[in-house]
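Dear colleague,

Here is the structure I said I would pass on. My notes follow it.

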Amino acid sequence: MEMYIVLGIIGVVVLYLWIVYNGLVTARLRIKEALSHIDVQLKRRTDLIPNLVETVKGYAKHEKGVFENVTKARSQLLSADSTKEKAVADNMLTQTLKSLFAVAENYPNLKATENFQKLQDELSDTENKIAYSRQFYNSNVLDYNTRLEVFPSSIIANMFKFQPFEFFTAGEEDKKPTKVSFE
Amino acid sequence: MNVYNAVSANKRKTWIIMVLFVVFITTLTYVYGQANGYGLTYAGIALVIAGITSFGSYYVSDSLVLATTGAKQVSQDQSPELYKTVENLSIGSGLSMPKVYLIDDPSPNAFATGRDPKHASIAVTTGLLQKLSKTELEGVIAHELSHIKNFDTRLMAVTAILVGFVAILGDIFMRSLWFSGKGRSNKAGGIFAVIGIVFVLLSPIVASLIQLAISRKREFLADASGVLLTRYPEGLASALEKIARDPLPLRTASNATAHLFIENPFKNKSSGAWFSSLFNTHPPAEERIKLLRSM
């Protein structure tokens, strides 16, 4: 009789381990998938930029500094590896693009072209999509990281060495006011 | 009730509705067959047909619902703002992009349908696009996406078709019960009366089936998870306010599809038949708005 009780308890514990472990693995896969969604949108954004730079260049040749900054931020985003690097590079690109659009404000002819308007629309749509995919990623990370912290799933997470994920934020950069310089 | 047990509850309830539909139609035909002295033949045929209908409704109810409301699918080029809003919010909720439909009607309203998130559709009226601002539209779309994510759309579409069908039958028989004896032969009148009485006896059951689909909790949960997506409760709150205040009823909404919409499409106007008027039980907009504003 006692043997059955012991076996029963072991069975329940194994079943519990199994469920929690699978839950953690699924949550981790969801994060990876969410990250790939961000990558798709970041790629779309970097693809739009050479075209935009060329278009603005046609009207504002002498604003070299702005173009250089944008191009530099773009290549940094392309070479970024970790989530943190990507978030920081993406944030920098946002800042440099802001100054690019601020420059464009001074050229009414440029602003009137259909190509520029289309690029501007597409870029702002991509930025929205980045924001939403970021939100989805972060909510998945929150869900997963919470499981690593709370008892009793924390024990199992520790046992199988599950690592916490980083949130997709630029950290301190986010809070800085935008600097727009007209050189 | 959280999102996870909402999903399994909805899947379970869909099965219950499908099985009860078969049981109900077969029983009804059995009663009819007995009254006529045809024996079990009719009941057997009804069992097969009801089974196929029930099973089929799982796959085609969304197309039927979209067809009866007169919704037309739109592409990104035809309605860029709506399309982009749906696209962005589905990215935010991690859902695959649903099909987007437009209903040509000045009354602002919206609904979502489909058996699972991979086969989902969102339909909005042209009135909704004209009358709501961007943030309000986002609130409405986020609410509808939450219905898709929670599998509310599966249960609601199957209920609309199957229980809607029974309700229509009920109305037909109730009317013939009312007018029986006027110019109709006694025998036919008698049979219709029997079926009419069956419906009267069963109406509380049908009503509670509809309650399975239209629960206040379901709408409140979709409101709450929609807000989690947009992070802006005021968007949905003021959208609901505008939709509830708009006096125009939606022309293409029927009793069977009314519970799908974000707000009662009849605008509290009586819609005739008492039997199917059981469908008109939306949670009051004021209560939802109050809750949203307190978030």
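B:Arg231 sits in the loop that links α8 (216–230) and α9 (233–245) of chain B; helices here are DSSP runs of H or I with at least four residues, strands are runs of E with at least two, and both are numbered from the N terminus. Although B:Arg231 is not a glycine, its phi is positive, about 60°. B:Arg231 counts as exposed, with 10 C-beta neighbours inside 10 Å (exposed means 12 or fewer other C-beta atoms within 10 Å, buried 20 or more, partly exposed in between, with C-beta atoms placed from the backbone).

This is a predicted model, in which local features need pLDDT of at least 70 and side-chain atom pairs count only at pLDDT 80 or more, while totals for chains, interfaces and linings use all residues. Residues are numbered from 1 along each chain as its sequence is written, and chains are lettered from A and ligands numbered from 1 in the order in which they are written.

B:Phe151 also has a positive phi without being a glycine, about 65°. B:Phe151 lies in the loop between α5 (134–149) and α6 (152–179) of chain B and is buried, with 23 other C-beta atoms within 10 Å.

Chain B as a whole has 10 helices and 4 strands, and 45% of its 295 residues are buried.

Where the chains meet, 9 residues of chain A are in contact with 7 residues of chain B (contact means C-beta atoms, placed from the backbone, within 7 Å). On the chain A side, α5(A) gives the most, with 7 residues.

Regards

Notes:
Contact = placed C-beta atoms within 7 Å.
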